[in-house]
Amino acid sequence: MYTQAMDTMGKDEAPKVLRSAEEVQLQERFDARIDAGDFIEAKDWMPEHYRKTLVRQISQHAHSEIVGMLPEGNWISRAPTLKRKAILLAKVQDEGGHGLYLYAAAETLGTSRDQMFDALHAGRAKYSSIFNYPTLSWADMGTIGWLVDGAAIMNQVPICRCSYAPYARAMIRICREESFHQRQGFEALLTMMTHGTEAQKAMVQDAVNRWWWPSIMMFGPPDDESPNSAQSMRWGIKRVSNDELRQRFIDATVDQAKLLGVTLPDPDLKWNEARQSHDFGAIDWSEFKRVIAGDGPCNRERLAARVKAWDDGAWVREAATAHANKQALKEAA
Amino acid sequence: MSTSPVQNEWPLWEVFVRSKAGLDHKHCGSLHAADAKMAIQMGRDVYTRRQEGVSVWVVRSDQIVASDPGDKAMYFDPAEDKVYRHPTFYELPKSLDHM
């Protein structure tokens with residue numbers, strides 16, 4: 001489903017001072033390749049800081065996909081029709097797949113899957129703040145597709161041109177698969193707004209009211225408070241700034257909301273002729289920081305669900321390994 | 001990131017998918033699986049959810065032998081100045097353009 005402007009979630013130590021002449025030369029060659037728009041592959045030399053930044057961003061992105069299955073999983077057994085249930089299942093399965101593509105991309109940088117899981121389960125790793133909000137009604141499923149996946153796609157499309165090729169390749173696959181996520185969400189909401197009862201229409205508006213602000217927070221803190229952005233831009237890991245992406249998303253969403261017949265819960269939202277963009281109200285960044293730091297409405301529940309799934313699955317992983325070892329021994333004999 | 005040891009992770013496999021009959025298998029990603037049979041099944045689930053394939057190959061990642069990226073120039077540049085290996089190098093009369 002998504003990524004956040006994840007680069008802002010960790011404080012990086014300053015890159016270490018280069019030591020040998022050889023290392024200086026490698027660094028220069030690396031910088032020249034980045035400047036030329038070349039892609040970096042897993043076995044190529046890269047600065048330690050570049051590697052660390054990518055491991056953090058890609059693993060957080062992967063965690064977001066996996067944790068992102070939980071809020072929607074809540075509604076699979078409650079979907080109103082078989083068609084909607086099949087769609088939701090396909091979407092959640094995609095998210096599992098997207099998590100796997102991303103974990104695999106991160107592993108090419110020399111971190112193991114177990115290390116990443118361990119960091120998530122121990123609460124050391126972050127994932128997108130958006131998944132720490134509850135899914136209270138069926139309209140939340142449509143709204144997540146429309147707004148949350150919409151914001152995610154806006155964030156992810158530029159990463160298809162990331163300088164680290166395994167990440168870029170994973171993103172291309174993800175973006176291709178994900179456009180249906182946003183469309184199915186909008187269509188589900190449109191169905192309710194067109195054919196629904198007054199109560200169902202009110203349910204859609206309520207869901208939009210709850211998800212709007214968390215959705216635009218998904219782009220991360222404002223550019224002037226985004227400490228690692230400049231370096232990530234320099235390295236071609238990040239291509240478009242948080243504020244620029246947020247503005248693009250808001251501008252695109254306003255017309256969609258009109259078409260749907262819902263209002264966006266921001267009294268300051270209005271067209272600015274001079275900027276040829278929409279002005280919008282102040283974002284409550286204290287809420288964002290609170291949720292990222294672990295104190296959102298569902299942080300504990302989400303993490304507990306992940307840890308339980310992992311622990312409950314341990315015997316399956318062990319049994320499969322034991323079976324594979326036994327078969328290998330038999331074949332060798 | 002964590003410094004905890006790898007806890008008996010399933011081995012890594014590379015997945016290759018033939019998108020339709022007549023085309024070659026193409027690398028599309030990797031996954032963890034306990035054995036070959038599981039790797040094939042998971043390869044199908046992870047990489048062909050939208051009819052992207054008609055055949056899947058898997059191979060243990062540690063079994064792949066690759067050229068060294070450091071040798072890229074030494075290895076591949078010698079072909080750079082051999083333009084005469086391409087048909088467009090040869091100028092023929094217009095009437096023979098289809099040759």
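Author: The second largest cavity has a volume of about 50 Å³. The model is a predicted one, and it holds 2 cavities of 30 Å³ or more.

The lining of this second largest cavity is made up of R84(A), I87(A), L88(A), W138(A), M141(A), G142(A), Q184(A) and A188(A). Three helices of chain A, namely α4 (82–107), α6 (138–156) and α7 (165–195), each give at least two residues to that lining. Sorted by class, the lining of the second largest cavity has 5 nonpolar, 2 polar and 1 charged residues.

The largest share, 6 residues, is that of α7(A). In total 33 residues line the largest pocket, and those nearest its centre are R169(A), E14(B), H27(B), C28(B) and G29(B). The lining of the largest pocket divides into 16 nonpolar, 7 polar and 10 charged residues.

Strand β1 (residues 12–18) is joined to β2(B) by 7 bridges. In one of the pairings, R18(B) has H25(B) of β2(B) as its bridge partner.

C28(B), among the residues nearest the centre of the largest pocket, counts as buried because its relative accessibility is 17%, under the 20% limit. Its sulfur is 17 Å from the closest cysteine sulfur, that of C160(A), which is too far for a bond. Over all chains, a search of the whole structure finds 0 disulfides. C162(A) is likewise in no disulfide, with the nearest cysteine sulfur, that of C160(A), 9.8 Å away. At 0% relative accessibility, C162(A) counts as buried.

The second largest pocket has a volume of about 990 Å³. Its lining has 30 residues, with F117(A), W310(A), R317(A), W10(B) and M42(B) nearest its centre. At least two lining residues come from each of α4, α5 (113–121), α12 (299–312) and α13 (314–332) of chain A, and from each of β2 and α1 (36–47) of chain B. By class, the lining of the second largest pocket has 13 nonpolar, 9 polar and 8 charged residues.

Terms used: Residues numbered from 1 in each chain as written. Chains lettered and ligands numbered in written order. Predicted model: local features only at pLDDT ≥ 70, side-chain atom pairs only at ≥ 80, totals over all residues. Heavy atoms only, no water. Pairing = 2+ DSSP bridges. Helix = DSSP H or I, 4+ residues; strand = E, 2+ residues; numbered from the N terminus. 1 Å grid on protein atoms, 1.4 Å probe; cavity = no way out; pocket = protein on both sides within 12 Å on 5 of 7 lines; lining within 4 Å. Points joined across faces, edges and corners; volume = space filled by probe spheres on them. Nonpolar A, V, L, I, M, F, W, Y, C, P; charged D, E, K, R; others polar. Disulfide = S-S within 2.5 Å. Buried < 20%, exposed > 50% of the residue type's maximum accessible area, 1.4 Å probe, protein only.
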